[in-house]
Amino acid sequence: MRFLMMHRLDERAPEAWNPSQEFMEKLGAFIQDSMEKGILITAEGVHPSERGALVRKARGGGITAIDGPFTEVKEVIGGFALLNFDDRAQAVEYAKRYADLFDDVEVEVRQVAEADDFPA
């Protein structure tokens with residue numbers, strides 16, 4: 001099964017977009033190990049919300065686009081990974097190990113919907 005893992009962080013924290021060399025080395029080793037084990041499909045970090053936009057459509061309403069930064073939210077998506085696991089429990093355990101690399105982070109784990117998950 002494939003799982004999407006997104007990590008959220010406080011983009012106002014100094015280390016959010018300027019991680020230390022030590023952190024980058026730990027993260028790099030974690031990613032390399034995940035690739036070698038065939039767990040990791042892809043993983044990417046993203047730029048701060050000031051370089052993004054938020055597009056919304058309310059039911060029965062129009063579409064709006066708001067340029068970042070998203071000051072109304074404390075935590076923003078800092079990156080994502082697409083991973084292979086046998087079940088949700090394995091994905092959650094992996095997310096815990098990933099979260100342990102950070103001082104302050106929230107990691108959301110979601111199973112990716114596959115074509116056979118839907119009725120024919």
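Analyst: A definition to begin with: buried means under 20% relative accessible area, exposed over 50%, and partly exposed in between, with a 1.4 Å probe and protein chains only. This is a predicted model, where local features need pLDDT of at least 70, side-chain atom pairs count only at pLDDT 80 or more, and totals for chains, interfaces and linings use all residues. Residues are numbered from 1 along each chain as its sequence is written, and side-chain values use heavy atoms, with hydrogens and water left out.

User: Fine. How does relative accessibility class glutamate 114?

Analyst: Glutamate 114 counts as partly exposed, at 26% relative accessibility. Arginine 2 forms a salt bridge with glutamate 114. The closest N and O atoms of that pair are 2.8 Å apart. A salt bridge here is a side-chain nitrogen of Lys or Arg within 4 Å of a carboxyl oxygen of Asp or Glu.

User: Which parts does that pair tie together?

Analyst: Arginine 2 lies in strand 1 and glutamate 114 in the segment after strand 6, so the pair links parts 112 residues apart in sequence. Arginine 2 is partly exposed too, with a relative accessible area of 27%.

User: How many salt bridges does the structure hold?

Analyst: The structure holds 7. One of them joins arginine 12 to aspartate 10, with the closest N and O atoms 3.0 Å apart. Arginine 12 is exposed at 60% relative accessible area, whereas aspartate 10 counts as buried at 15%.

User: Which residues do salt bridges that share partners join into one network?

Analyst: Arg8, Glu106, Glu108 and Arg110. Within it, glutamate 108 forms a salt bridge with arginine 110, and their closest N and O atoms are 2.9 Å apart. Arginine 110 counts as partly exposed, at 49% relative accessibility.

User: Switching to the fold. How many helices and strands are in the protein chain?

Analyst: The protein chain has 2 helices and 6 strands. Both kinds are DSSP runs numbered from the N terminus: helices are H or I with at least four residues, strands are E with at least two. The pattern along the sequence is β-α-β-β-β-β-α-β.

User: What order do the strands take in the open sheet?

Analyst: The open sheet has 4 strands in the order 2-5-1-6, with antiparallel pairing. Its edge strands are strand 2 (40-45) and strand 6 (106-111), each pairing on one side only. Two strands pair if DSSP finds at least two bridges between them. The twist averages 20° from one strand to the next.

User: How many bridges join strand 1 to strand 5?

Analyst: 9 bridges join strand 1 (residues 2-10) to strand 5 (residues 75-84), and the two run antiparallel. Histidine 7 stands opposite glycine 79 in strand 5.

User: Where does helix 2 pack?

Analyst: Helix 2 (residues 88-99) packs on the sheet. It touches strand 1, strand 5 and strand 6, and its direction makes about 30° with that of strand 1. Axes are lines fitted to C-alpha atoms, for helices over the stretch in contact, and angles run from 0 to 180 degrees between N-to-C directions. Contact means heavy atoms within 4.5 Å.

User: What do strand 3 and strand 4 form?

Analyst: They form a hairpin with 5 residues between them. Glycine 60 in the turn has a positive phi of about 75°. Strand 3 and strand 4 run antiparallel, joined by 5 bridges. Alanine 53 has aspartate 67 in strand 4 as its bridge partner. Strand 4 (residues 63-67) is hardly covered: the count of buried residues among its 5 residues is 0.

User: Is serine 49 buried or exposed?

Analyst: Serine 49 is buried, with a relative accessible area of 5%. It is found in the loop between strand 2 and strand 3 (53-57). Not counting residues up to four places away in sequence, serine 49 touches Glu11, Gly68, Pro69, Phe70 and Val76.

User: And the whole chain? What share of its residues is buried?

Analyst: Buried residues make up 27% of the 120 residues in the protein chain. Of the contacts with a separation of 6 or more, 75% are between residues 24 or more positions apart. The C-alpha trace spans about 50 × 45 × 20 Å along its principal axes.
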